Amino acid sequence: MMPGIESGTALRNVMLTLQVLRTDYVTHDVKRFILKKPPGFTFVPGQSGNFSIHAPGWEDKIRPFSFTNLPEDKHIELMIKIYRNKNGVTRELERTNAGSELILHSVFGTIEYKQRGVFIAAGSGITPFLSIFRNLFKKGKIHHNQLIYSNKTLKDVIQAEELKRMLGKNFIETFTRENVIGFIDRRIDRDFLIEHISNYKQHFYVCGPENFVNDLVAMLKDLGASTEFIIF
Ligand SMILES: Cc1cc2nc3c(=O)[nH]c(=O)nc-3n(C[C@H](O)[C@H](O)[C@H](O)COP(=O)(O)OP(=O)(O)OC[C@H]3O[C@@H](n4cnc5c(N)ncnc54)[C@H](O)[C@@H]3O)c2cc1C
């Protein structure tokens, strides 16, 4: 373990240059990066890193991305949604491939697994949960955790097959913009939560766009979830 890591929520400054080993697409606009892992580097599942691109003009444009791999894996994995219509970091990442480098400025934790509960994600908000689920699955401890995963359409779902394999019937998909036979086609509202969650005295893990998180946290509290049991 690298010196300096204290807990799941500590910010750890690292400043590492990581080589991109390979890239591919996991959906039409989510690109996976496999990075060379420096010896001894580790993190807690659910943690993220502050990254920039090691290229002129991009080094100081720092953006957060979650580690999707397991701490003990040989490489670091990121899954990054590319915003093609904005001249931002993710659009530049579309042009960043094997042989390029990223700079990891710090590691920090927002979402840390405490106990079994309900995970609620929208779009690329699934990324910190992927590392948590992979870790629980590997240890045989994923049972009784539930995932509600909202996406615009079927083609936006990240790692659907893997999530199904790990979570089985506890993986609930919902779509906001398409009629998909056999799937729920609606936004996650209060009624949706009542239909799918019977116990509000458990942990809730919420990740996605700010509005989504704010709405969900308010609804969960309204339905009886305790503030200290909601992790977002
Ligand atoms: C702790 C944390 C962990 C994160 N982990 C991940 C991760 O693992 N993978 C991942 O993909 N993202 C992750 N994000 C989000 C990611 O950091 C942002 O998407 C990224 O910073 C965007 O950088 P940018 O320079 O390309 O765009 P910016 O110029 O910084 O702006 C992009 C933002 O503009 C908005 N936007 C842009 N285009 C559109 C559009 N067409 N429609 C609607 N909104 C639009 C989006 O809200 C988007 O976040 C994480 C965020 C946080 C806070």
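In what order do the five strands of the open sheet lie? In this predicted model, the order is β9-β8-β7-β10-β11, and the pairing is parallel. Strands β9 (171-175) and β11 (230-231) form the edges, and each pairs on one side only.

Within this sheet, β7 (residues 117-122) and β10 (residues 203-207) run parallel and are joined by five bridges. Helix α2 (residues 127-138) lies across β7, β8 (146-151) and β10. Its direction is at about 135° to β10. Helix α5 (residues 210-222) lies across β7, β10 and β11. The angle between α5 and β10 is about 160°.

Antiparallel pairing involves β6 (residues 101-109). Strand β1 (residues 12-25) runs antiparallel to β6, with six bridges between them. Here leucine 18 stands opposite leucine 102 of β6. Strand β3 (residues 47-53) also runs antiparallel to β6, through seven bridges. In this pairing, serine 52 faces isoleucine 103 of β6. Strands of a sheet, whether parallel or antiparallel, pair through backbone hydrogen bonds.

The ligand is surrounded by 19 residues. The closest are Arg63, Gly88, Val89, Thr90 and Thr127. By class, the shell holds seven nonpolar, eight polar and four charged residues.

Conventions:
Residues are numbered from 1 along each chain as its sequence is written. This is a predicted model: local features need pLDDT of at least 70, side-chain atom pairs count only at pLDDT 80 or more; totals for chains, interfaces and linings use all residues. Two strands pair if DSSP finds at least two bridges between them. Helices (H or I, at least four residues) and strands (E, at least two) are DSSP runs, numbered from the N terminus. Two residues are in contact if their C-beta atoms, placed from the backbone, lie within 7 Å. Axes are lines fitted to C-alpha atoms, for helices over the stretch in contact, and angles run from 0 to 180 degrees between N-to-C directions. A residue is near a molecule or strand if its C-beta atom, placed from the backbone, lies within 6 Å of it. Ala, Val, Leu, Ile, Met, Phe, Trp, Tyr, Cys and Pro count as nonpolar, Asp, Glu, Lys and Arg as charged, and the others, Gly among them, as polar.
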